[in-house]
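Please examine the structure shown below together with its sequence.

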Amino acid sequence: TYTLLNLISGCRYWDETNNTWSSEGCRVGPLTTKYKTQCLCNHLTSFGTDSVVAPNTIDFNNVWAKFANLSENAAVFATVISLCVLYVILLIGLRHMDKKDLVKWGAVPLEDNLPTDTYHYQVTVQTGMKKNAGTDSQVRFIVSGEDGDSGVRRLAVADGHRKTLPRGSIYNYVMSTESCLGALTFLRVWHDNSGTGKSQSWYLDQVQICDLQTSDRFIFLCDRWLAVEEDDGMVDRILPVAGLEDLIAFKQLFSSSARKKLANDHLWVSVFSRPTRSNFTRVQRLSCCMSLLFLTMITNAMWF
């Protein structure tokens, strides 16, 4: 019986001129084994060794054969089966959430739009990610522009959907007005604190209003509570339209980037906090997590 050992070893020293590890003037000696490396150098410097550990081969025929005797590998099989069962359970729930996201994706007309209105805006309301940020209180607002205002409008739709503004939600509405309001200047938004329990309060992140005729976009930053028991106790805010300095401020850039990285780019967290407007579904994210988990287990077995 023969055993083939694949060992890669080398000798390196720190080259202060080029700020890098170099093997010039050094070679591996004949007394090198898998436990130690003999370095033969023609200069006196601080040197070290590098080595590559070859991974263990996995014979999948042998792996499948072990399924015949589950008692010898009970812990491994129990772990794998538990993960698969958990995956199926989560898959069903997340698929249902994906279907609900498709309903939330579109822009829905406000229930108080009038048939005689001829001018339209898309209103995007983004609720914050703080704990208990969502609300089921009645939200109303007034949009003011250089040529007029929208009057008091209710943030509700006629079909009964979107009765609440959940934490982290991004909802789109279509608001119609009698005529163009001109360049938008202010947004007044408030709620009646009629929600139940912790859903009375609301943490509003921002509101974006897009003129559907000209494609002009106006952003109103809030990033504050509208709550009796939080912040300054106010449930009524007047928000000026954000200028360039507001949008590129460090606080705004940091908070928006951190929120996006956590809610959308973080693979594990985004399974449940995935933004509504994302083509990367929750089911796909969960499948990637499971694939990554099993690949990590196989990789660990190769170097165990």
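Two strands are said to pair if DSSP finds at least two bridges between them. Strands (E, at least two residues) and helices (H or I, at least four residues) are themselves DSSP runs, numbered from the N terminus. The model is predicted, so local features need pLDDT of at least 70 and side-chain atom pairs count only at pLDDT 80 or more, while totals for chains, interfaces and linings use all residues. Residues are numbered from 1 along each chain as its sequence is written, and side-chain values use heavy atoms, with hydrogens and water left out.

The chain contains six helices and 15 strands. Its C-alpha atoms fill a box of roughly 90 × 60 × 40 Å, taken along the principal axes. The radius of gyration, taken over C-alpha atoms, is compared with a globule rule of 2.2 Å times the number of residues to the power 0.38. A compact globule of 304 residues would have a value near 19 Å, but the chain has 30 Å.

Among the strands, β13 (residues 202-211) includes aspartate 211. β13 pairs with strand β14 (residues 217-226) in the antiparallel sense over eight bridges. Glutamine 208, for example, has isoleucine 219 in β14 as its bridge partner. The hairpin of β13 and β14 has five residues between the strands, and serine 215 takes a positive phi near 65° there.

Is aspartate 211 buried or exposed? Aspartate 211 is buried, with a relative accessible area of 4%; buried means under 20%, exposed over 50% and partly exposed in between (1.4 Å probe, protein chains only). Leaving aside neighbours within four places in sequence, aspartate 211 is in contact (heavy atoms within 4.5 Å) with Tyr119, His120, Tyr121, Cys180 and Asp216. The side chain of aspartate 211 also reaches the backbone nitrogen of glutamine 213 at 2.9 Å, and a polar atom of this side chain lies 3.3 Å from the backbone nitrogen of threonine 214.

In helix α6, the buried residues include Cys289 and Met290. The buried residues of α6 pack against α2 (74-105), α4 (250-265) and α5 (270-273).

Technical notes
Polar contact = N/O pair within 3.5 Å; in protein donor to acceptor, adjacent residues only side chain to side chain.
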